[in-house]
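Reader: Could you walk me through this model, one topic at a time? I would like the cut-offs spelled out as we go.
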Amino acid sequence: MKKIMALVLAALMLLGCCSFAAAEEVPEGYPAIIEGLDFGGATVYIYDWWSNDDENHSARTAEPDEETQLLYDYRDWLEATYNVKIVETALSDWAGNPSELANMVMNHDNSKLCLVAVASDFAGTPLANDLYMPWTIDLSAEKWNKADLDFMTKDGKVYGVHAGPTEPRSCVFFNKRVLSEAGIDPESIYDAQKDGTWTWDKMIEIMDKVQRDLDNDGVYDIYGMVGSGDELAIGLMFSNNAAFFDYDENGKLAIAANSQPALDALQMRKTMAENYMAPQPEGSNWDWFKDYWKQGTVAFYPGQTWQGFNDGAEMADMEDEWGAVMFPKGPNADTYLAMACDNIYGVPNVYDEETATKIMQIYDLYTNDTPGVDNEFGWIGNKYNYTDERAVDETYAMMRESEHSVANKTYLLGSTNDVLGSALLWGPIGSMSPAEAVESATPVWTDMLAVFNGDMTQEEYDAKKAAEEEAKAAEEAAAAEEAAEEATEEAVEEAAP
């Protein structure tokens, strides 16, 4: 450790007459210097929607611990070596970054060197409209998330990246007391996940045992599960090695929800929701299940891991002990699978290839693990806040691994609500068979896919949608007028002597 610090300090002393590129020795553990990479004192901005750094790095901690200081030392070395300033700062907010990126490209604004991050939910527009430039550096290193590379690949080129393992998201929480009172050892859920026997059938078997009418009034007092039907459907889809959308043999994004594994997942969503889901209380809000879960009368709760460690989320004031596992395996899956939902970074399509490559190179160096720091457990952060160790050490740790992460290509078309909501998950899947529900959603999805695949412009899509909404409104108005006329006629007939 001292050797690294000494070498860094010695190198910094040389800056008055030369860059690190000319130094004789690179600090131990640091990456080899890329000859000829020089930014001439320019600033490279890494735009997200939460950071607040500036060119003086005023956001840095005044009294950093040893590991943080090593991070600062490495970044200072990068800046000195390549004659560059690297600033992580917010461009806009979560929903505003995509618009800022689009404006940048539309105006061909290359006045600043930068990368722009967008949430996965918004990545489809940059990919479909060439707002990002294709990555030209080697992306074979383990740090480049494979699920996200798949997500951001089009026509064989990668347009966006995410450095690091997948952030754990979709999971199934379980109430330990409720399970114990039904004669089920809560640790057996973890054990089943560990030995590969945590399956759809296993979960149903447990819910059958848990669900009980304690006072014999004909109404269940303990239910198998509670939660969002959307989270349930999405989790089951990926856990069965299926998808709502995927690329076909021609490289076009296409509907995949009509495959048998996908239909099986949607059928399991219906089965679980209809037989084991606690009913929504009359007059309650859409997120009623958050408080219902905390009452301790259900065994399972499909959700996302952040609900278990963020202050103010459901688990923060949960009285009962609980755990979390991945969604159980479906019959079409060989291992546990969950969607990847990471932030995507890309270079705006406003530079020449040489400049874009330089930005990619410095970002590659910037996202390396800090030399001299063991990053094995750095990802844990606040994840022990409210849950047990096995949820973090076994479940969340497994979800980070690439073999358990799947690109959710629904996001290439828009958010879950926009793409799957009214078209599939908010009505059709409840009143129709899975095949019928997918068929009913197909016309809506077909137009969305046409825009993404370049077979229809956004303007044409918007015009078609507006015409359909106008026709629907006219039809409803005509029906209302006809109903009013019939009511008037009936009133006249009743009033007649």
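Reader: Which residue does lysine 143 form a salt bridge with, and how far apart are the closest N and O atoms?
Author: Lysine 143 forms the salt bridge with aspartate 364, and the closest N and O atoms are 2.7 Å apart; a salt bridge here is a side-chain nitrogen of Lys or Arg within 4 Å of a carboxyl oxygen of Asp or Glu. Lysine 143 lies in the loop between helix H4 (124-128) and helix H5 (146-151), while aspartate 364 belongs to helix H12 (residues 353-366), so the pair ties together parts that are 221 residues apart in sequence. Helices (H or I, at least four residues) and strands (E, at least two) are DSSP runs, numbered from the N terminus. This is a predicted model, in which local features need pLDDT of at least 70 and side-chain atom pairs count only at pLDDT 80 or more, whereas totals for chains, interfaces and linings use all residues. Residues are numbered from 1 along each chain as its sequence is written, and side-chain values use heavy atoms, with hydrogens and water left out.

Reader: Is lysine 143 buried or exposed?
Author: Lysine 143 is buried, with a relative accessible area of 19%, and aspartate 364 counts as partly exposed at 23%. Buried means under 20% relative accessible area, exposed over 50%, and partly exposed in between (1.4 Å probe, protein chains only).

Reader: OK, and what about arginine 177, which residue does it pair with?
Author: Arginine 177 forms a salt bridge with aspartate 320, where the closest N and O atoms are 2.9 Å apart. This pair also links distant parts of the chain, with aspartate 320 in the loop between E10 and strand E11 (322-325) and arginine 177 in helix H6 (residues 176-181), 143 residues apart. Aspartate 320 is buried at 17% relative accessible area, and arginine 177 is partly exposed at 30%.

Reader: How many salt bridges does the structure hold?
Author: The structure holds 20 salt bridges, including one between the side chains of glutamate 79 and lysine 85 at 3.8 Å, N to O. Glutamate 79 counts as buried at 9% relative accessibility, whereas lysine 85 counts as partly exposed at 29%.

Reader: Switching to charge, how many positive and negative side chains are there?
Author: There are 31 positive and 92 negative side chains, and the centres of the two sets lie 6 Å apart. Lys and Arg count as positive and Asp and Glu as negative, while His and the chain ends are not counted; the place of a charge is taken as NZ of Lys, CZ of Arg, CG of Asp or CD of Glu.

Reader: Where is glutamate 494 found?
Author: Glutamate 494 is in helix H17 (residues 458-495), and it is exposed, with a relative accessible area of 70%. A patch of negative charge on the surface gathers Glu481, Glu482, Glu485, Glu486, Glu489, Glu490, Glu493 and Glu494. Such patches are made of residues with over 30% relative accessible area and no salt bridge, with like charges joined within 9 Å and nonpolar side chains (Val, Leu, Ile, Met, Phe, Trp, Tyr) within 5 Å.

Reader: One more, what is threonine 297 in contact with?
Author: Leaving aside neighbours within four places in sequence, threonine 297 is in contact (heavy atoms within 4.5 Å) with Val178, Asp221, Ile222, Tyr223 and Tyr292. Threonine 297 lies in the loop between helix H11 (289-294) and strand E10 (298-304), and at 19% relative accessibility it counts as buried.

Technical notes:
Areas by Shrake-Rupley, 256 points an atom, 1.4 Å probe, with all protein chains shown as cover.
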